[in-house]
Amino acid sequence: MPLVSILGELKKARENSYAIGCFDIVEPLGTQGLVSAMEKKSSPGIIGIWSGMLDRPNARALVNHTRTMAQDSTVPISLILDHGRSFEHCIKAISMGFTDVMYDGSKLSLEENISNTIMVVQAAHAVGVKVEAELGQVGSGHNYQSFGAIRKGFTDPDTVVQFVEKTNVDMLAVAIGSAHGTYQGDPELDLELLCEIRSRTDVPLVLHGGSGLSDDQFRTVVAGGICKVNIFTNLAVESTKRMLEEAKSPEASYSSLTNKIREAFEYECERLIDVFGSAGKS
Ligand SMILES: [Zn+2]
């Protein structure tokens with residue numbers, strides 16, 4: 001199956017009310033677990049690599065490993081740059097073979113976010129790469145009570161039409177109360193705001209900070225129009241839990257410990273594919 005931009009699959013997901021998981025990796029064992037889960041579930045999938053990873057010495061090897069695994073898989077898989085911090089990072093990712101890039105101008109003014117997103121979209125579209133941008137700002141779980149929980153950074157629905165029309169962006173990440181990392185307190189999502197945003201645009205909507213939400217919350221946001229959900233912390237937490245448990249065993253070895261990473265990514269990805277409703281959709 002060729003490595004593909006996920007946009008076509010996201011449009012199908014939007015029309016049929018399911019979501020596709022975007023699972024971030026930092027090393028090859030995670031990728032192997034994810035691809036195995038996507039194949040077992042016959043689900044399209046997205047593998048994300050965080051922008052900061054591109055500055056590391058093994059970046060090209062990690063990208064090539066991920067691309068090869070996706071190309072050899074039986075289901076459509078895309079490779080997206082997660083939180084591209086600059087135009088240059090997005091161009092670097094495109095040159096390395098990413099199918100999709102996220103440009104994150106969420107900490108900038110609306111005008112700067114729009115003008116930078118326009119540059120990324122024009123460059124990416126010229127070579128067939130699709131672009132996600134963020135409108136509003138999804139914060140961190142560790143300061144959730146002083147940010148997302150009090151509605152800081154929430155997407156202003158009145159800016160949605162202007163942002164999408166001016167930038168020609170393909171996917172839109174929105175801030176409705178989710179946060180990256182581990183939540184301080186319980187996450188609360190503004191579903192009315194999601195509904196309002198959804199009524200303003202047909203562009204596939206993306207939820208970052210999926211880790212830590214309940215299965216019911218996932219089902220509600222997917223029903224409300226989210227068709228891409230970003231996940232990393234769940235994968236890291238599950239991997240750590242399994243490795244710590246394995247380390248207690250007298251038979252623990254290098255391979256048995258590292259295998260736990262692959263197993264954890266596979267388990268959590270399969271579980272979430274069922275929750276998001278994308279099983280059997282490839
Ligand atoms: Zn994110």
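**View 1. Cys-90, a buried cysteine.** At 1% relative accessibility, Cys-90 is buried, because the cut-off for that class is under 20%. The model shown here is predicted. Cys-90 takes part in no disulfide. The nearest cysteine sulfur belongs to Cys-22 and lies 14 Å away. A disulfide needs two cysteine sulfur atoms within 2.5 Å.

**View 2. Cys-195, an exposed cysteine.** Cys-195 has a relative accessible area of 51% and is exposed. The class starts over 50%. Cys-195 is also in no disulfide. For Cys-195, the nearest cysteine sulfur is that of Cys-227, at 14 Å. Across the structure, the disulfide count is zero.

**View 3. The zinc site.** Three histidines coordinate the zinc ion: His-83, His-180 and His-208. His-83 and His-180 each donate through NE2. His-208 uses ND1. The distances run from 2.0 to 2.1 Å. Along the chain, the donors follow the spacing H-x96-H-x27-H.

View 4. His-83 sits in strand β3, which covers residues 77-84. His-180 sits in strand β8, residues 179-180. His-83 is buried, with 13% relative accessibility. His-180, at 28%, is partly exposed.

Conventions
Residues numbered from 1 in each chain as written. Predicted model: local features only at pLDDT ≥ 70, side-chain atom pairs only at ≥ 80, totals over all residues. Heavy atoms only, no water. Donors = N, O, S within 2.8 Å, 3.2 Å for Na, K, Ca; no water. Helix = DSSP H or I, 4+ residues; strand = E, 2+ residues; numbered from the N terminus. Buried < 20%, exposed > 50% of the residue type's maximum accessible area, 1.4 Å probe, protein only.
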